[in-house]
Amino acid sequence: MGTDSMGSEGYSPLKDLRLEIEVKERTFSLCFWVYLMNSTTFPATIIQQVYSDISQSAPFLVINENKRINILPVLHLHEEAPDIGNISSWTEVPHATADFEFPLEKWVHVGCEVCPNHIQLQINGEIVGKKSLSSLLNKEPNSSDLRKITLANVGGDGNSVHGYVHNFEVFPIISPVKDHHLKNPPLKLTIDESSASEIEEESDGVWGIVGGKASCRRNFSLDVVLSDGFGDPVDKENEQVFASLLYADTRAPVEKTIDEEAPLLVSYDGIEFSSGERPSKILLGRASFKLKISQLSSKCDNRLFLIRFCVPKLGDFPFLETFSRPIRCISRSRNTKLSTLVWKRPTSALHQLSLSQSSAMVDESLEHMQCGLESTANPLVKRFRVGHDKISVSVQPDEECNSHVWTANQNEFPTSMDARPTKFDEADDSPSDSESIGERNSPSNNMASRRYPISDMTIFKYCLAGLAERSLMLKEIAFFSSGNEILELAHHVSLYSGCSHHGNQILLAKRLIEDGTNLWKVLSPNNHHVSWESAVYEIEEKFMKIASCDSRSLSHQDLELLRRIAGCQEYLTQESFEKLWCWVYPVAFTISRDLINPIWNSVAPKWIEGLITKEEAEASLRGPAGFQEPGTFTLRFPTSRSWPHPDAGCLIVTYVGNDYKIHHRLLSMDHAYGSGDKRTDMKPLQDMLLEEPELSRLGRIIRSH
C-alpha cells in the first residue's frame with residue numbers, strides 16, 4: 001500500500017514522503033528503511049500526522065537533540081497526544097523511545113505499531129520501545145472521526161532533514177512488522193579499506209599514492225563492496241562499478257594531463273585504460289580495481305584528490321556511491337621504489353646486504369606497526385583456561401589482526417606475547433630442500449662459527465617498515481643470506497616486535513620466493529601473460545602439494561576467489577600471479593601443519609568449508625530469521641592478509657557471541673608446533689575449539705554453485 005509513489009528502485013527522498021491511509025479498528029502499523037545524511041540537524045521531525053479536517057499537523061516520529069528516535073501518541077486516538085499548534089510540545093507527552101543514538105549514513109529499518117491503548121517502536125526488527133496510553137474511544141465525540149490519516153514529512157520545524165526512504169509500507173491493521181524488515185532490503189556501496197594495497201597512509205590520514213608519468217606511476221588496488229541493509233554482500237553480476245578522480249575540496253572532476261591522458265587509469269591484464277572506459281563487474285558482491293593516477297597533486301596547486309565509485313544503473317543516490325579518503329599523488333615514494341618484477345634476481349653483485357642499497361629509512365611511526373607490542377602492553381587481556389591448555393584472548397574491537405589472538409598453547413608453552421620466541425634456536429640448521437647446491441656448499445655454511453651479516457639496523461628497519469618495504473627487504477635477504485641467517489633474523493624480529501607471527505613470515509620467504517619463481521616459469525616460459533583457465537590447474541596442483549592434501553582439491557568457488565585475489569580477468573600477468581602467490585602460499589603452508597591438515601581433509605563434518613571471504617562467513621551465521629544461536633562458528637583464512645603480513649595464512653574464527661553480534665578472532669598455534677616436530681600429546685584442534693566457552697557448535701556455509 002502506498003508504494004506506487006516511491007522513486008526508482010523503491011528509493012525516494014524523505015522530503016517527498018506523503019502517504020494517506022485509511023484507519024480501521026483504530027489501529028495501524030507501518031515500516032520502512034530510512035537513510036539519514038550527515039547534514040541532518042537535530043532535533044528533527046521525520047514523519048508528521050496530518051488530518052483532512054485540520055490545517056495543522058502534529059509530530060509522529062521524531063529524533064531528539066540526543067539523536068534518540070521517538071514515536072508519539074496519535075491525535076483523536078490517544079488522550080496524551082501533543083498539541084497541534086506547538087511543535088515542541090511532544091517533549092512533554094508520553095512517548096516510546098529507543099535508548100541508543102540513531103546512526104547516520106546507514107540504512108536503518110523502522111517499524112511502528114499504533115493501537116488505542118499503546119504505541120510501539122521497532123528498530124531493525126527488534127522492539128526497542130513501548131508505551132501504554134489512554135484511549136479516547138468513546139470518551140470524545142470526535143474520536144470517531146479517525147478514519148483517514150496522512151503521514152508525511154512536511155517540514156516547517158526550522159530543522160533540516162536530509163535523507164531517503166525505501167520500501168515504505170503501511171498496514172491498516174496490526175501486522176507483524178518484524179516479518180517485513182527482512183524483505184527487499186536496500187543497497188549500499190562501500191570501500192573495503194582492508195583490501196587496499198600499495199597505498200601509504202600519511203600522518204594526517206591522507207593516502208599517499210605514487211603517480212604521474214607512465215615510467216613512474218604504480219598500480220594500487222582497492223575493492224568496492226555492494227551490500228544490503230544487513231551488511232551482506234549482494235551479487236549483481238550484470239552491474240558495473242565506475243571509478244573517477246575528483247578534487248577533494250570541490251568534488252569537481254580532475255582534468256586530463258598535459259599529454260591528454262585520463263587522470264585515473266584502470267589496469268587490465270597489464271594494459272592501461274581510462275577508468276571511464278573500463279568499469280569493474282560486481283562478482284559475489286565485490287568489484288576489484290587495479291588503478292593508477294596520471295595526474296600529480298603538484299601539477300594541480302597541491303590539491304588533494306578523491307576517487308569516486310558508483311553504480312549508475314542502480315540510480316544516482318548518495319548511498320550508491322562511495323568516496324576514498326583524500327589522496328595526495330606524488331611522483332615518487334618516500335620509501336625505495338618497489339621492483340615491478342617481484343622475484344627478479346638483483347643484477348648487482350652484492351656479497352652482503354647493504355642497508356643503503358636495500359632501501360631508505362622508513363618514516364612511519366611505531367603506531368603503524370601491525371602487530372604485537374600494543375597487545376603486549378594492553379591491560380585488557382583475559383586468559384581462559386581450556387583443560388590443561390591456555391587460550392589467550394585479547395579483548396578489543398573485532399578486526400582481522402594479530403592483536404586478537406587465540407593461542408593454542410599446550411601445558412608449559414609460554415603464553416606471554418613478549419616472551420622469547422619458543423624453539424627458534426632449536427630449529428633444524430640443515431639447509432632446506434629448496435636451497436641450491438651452491439648455497440649448501442658455500443663457505444658461510446661450512447664455517448665452524450656462524451656469521452650474521454644482517455645488522456641490528458636491518459632488524460630495526462624491518463620492524464618499522466610497511467608491508468611493501470618488508471617484502472622488498474625479504475626478497476633481497478632470501479637471495480643473499482643463508483638459512484641460518486634468515487633463522488636468526490626471524491628470531492630477532494619476533495623478539496623485538498613482540499610478535500612471533502613476523503618470524504613465521506620471514507621463515508617462509510626463501511621457499512615462497514623460489515617455489516613461486518619456478519611455478520611462474522612453468523606457467524609462462526616466455527614471461528608473457530597466460531590465460532587463467534590454463535594456469536589455474538597448475539596453481540591448484542602446486543597448492544595441493546604444498547598443503548599435503550591429496551584427497552581434497554579446490555572447488556570452483558575457491559578458484560574464483562583466487563582469481564579475485566589476483567585481480568585478473570581472462571589473463572594472468574606476472575604481477576597478478578605474484579599477488580595471488582603471496583596470499584595462497586602461506587595458506588597452503590598452514591594447511592600442511594599437523595594440527596590443521598586433519599581438519600582441512602575432514603569431510604564429515606567439514607571443519608573448513610574452503611577459501612571463503614569474511615562476508616560469506618558472516619552471512620552464514622545469519623539465517624532468514626536473524627543470527628544463529630550464540631557459540632556458532634566457522635573457520636576461514638583472512639583474504640586481506642598476504643605475505644609478509646604477520647597474519648598471512650592464519651586461521652580466523654568467526655562466531656556469534658552471547659551479545660548476538662559477530663566476532664572475529666585470530667587463531668595462532670605457533671608454540672604448539674614451533675619446533676616442526678610432531679606432538680603426540682597435542683589434542684586435536686577441533687577438540688580445543690569446542691572446549692572454548694565462547695564456541696559451541698560448527699556452522700555451515702552454503703555456497704552457490
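Which helix does Asp558 lie in? Asp558 sits in H11, the helix covering residues 556-566. This is a predicted model, where local features need pLDDT of at least 70, side-chain atom pairs count only at pLDDT 80 or more, and totals for chains, interfaces and linings use all residues. Residues are numbered from 1 along each chain as its sequence is written, and side-chain values use heavy atoms, with hydrogens and water left out.

**The chain overall**

- There are 15 helices and 36 strands in the chain; both are DSSP runs numbered from the N terminus, with helices (H or I) of at least four residues and strands (E) of at least two.
- Of the 705 residues in the chain, 54% are buried (under 20% relative accessible area, with exposed meaning over 50% and partly exposed in between, using a 1.4 Å probe and protein chains only).
- Take the contacts (heavy atoms within 4.5 Å) between residues at least 6 apart in sequence: 72% of them join residues at least 24 apart.

- Asp558 has a relative accessible area of 1%, so it is buried.
- Its side chain reaches the backbone nitrogen of Ser555 at 3.0 Å.
- H11 packs on H12 at an angle of about 120°, and their axes are 8 Å apart (axes are lines fitted to C-alpha atoms, for helices over the stretch in contact, and angles run from 0 to 180 degrees between N-to-C directions).
- That angle makes H11 oblique to H12; under 35 degrees would be roughly parallel, over 145 roughly antiparallel and 65 to 115 roughly perpendicular, with the rest oblique.
- On the H11 side, Leu562, Ile565 and Ala566 do the meeting, and their partners in H12 are Ser576, Lys579, Leu580, Trp583 and Val584.

**The H9/H10 pair**

- H9 (residues 500-523) and H10 (residues 532-547) have axes that come within 10 Å and cross at roughly 150°.
- Asp515, Leu519, Val522 and Leu523 from H9 meet Ala535, Glu538, Ile539, Lys542 and Ile546 from H10.

**Nonpolar cores**

- The largest nonpolar core holds 69 residues, and Phe543 and Leu572 have the most contacts inside it (a core is a set of buried Ala, Val, Leu, Ile, Met, Phe, Trp, Tyr and Cys residues joined through side-chain atoms within 4.5 Å).
- Helix H12 (residues 574-592) gives this core its largest share, ten residues.
- Another core lies apart from it, with 43 residues, including Leu14, Phe42, Leu77 and Phe168.
- Leaving out residues up to four places away in sequence, Leu572 touches Trp520, His529, Val530, Trp532, Ala535, Ile539, Ala566 and Phe577.

- Arg622 lies in strand E31 (residues 622-623) and counts as partly exposed because its relative accessibility is 24%.
- Arg622 and Phe230 are 392 residues apart along the chain, yet their C-alpha atoms are separated by 9.4 Å.
- The side chains of Arg622 and Asp232 make a polar contact at 2.5 Å (a pair of N or O atoms within 3.5 Å; within protein, one must be able to donate a hydrogen and the other to accept it, and residues adjacent in sequence count only if both atoms are side-chain atoms).
- Gln120 belongs to strand E9 (residues 118-123) and, at 6% relative accessibility, counts as buried.
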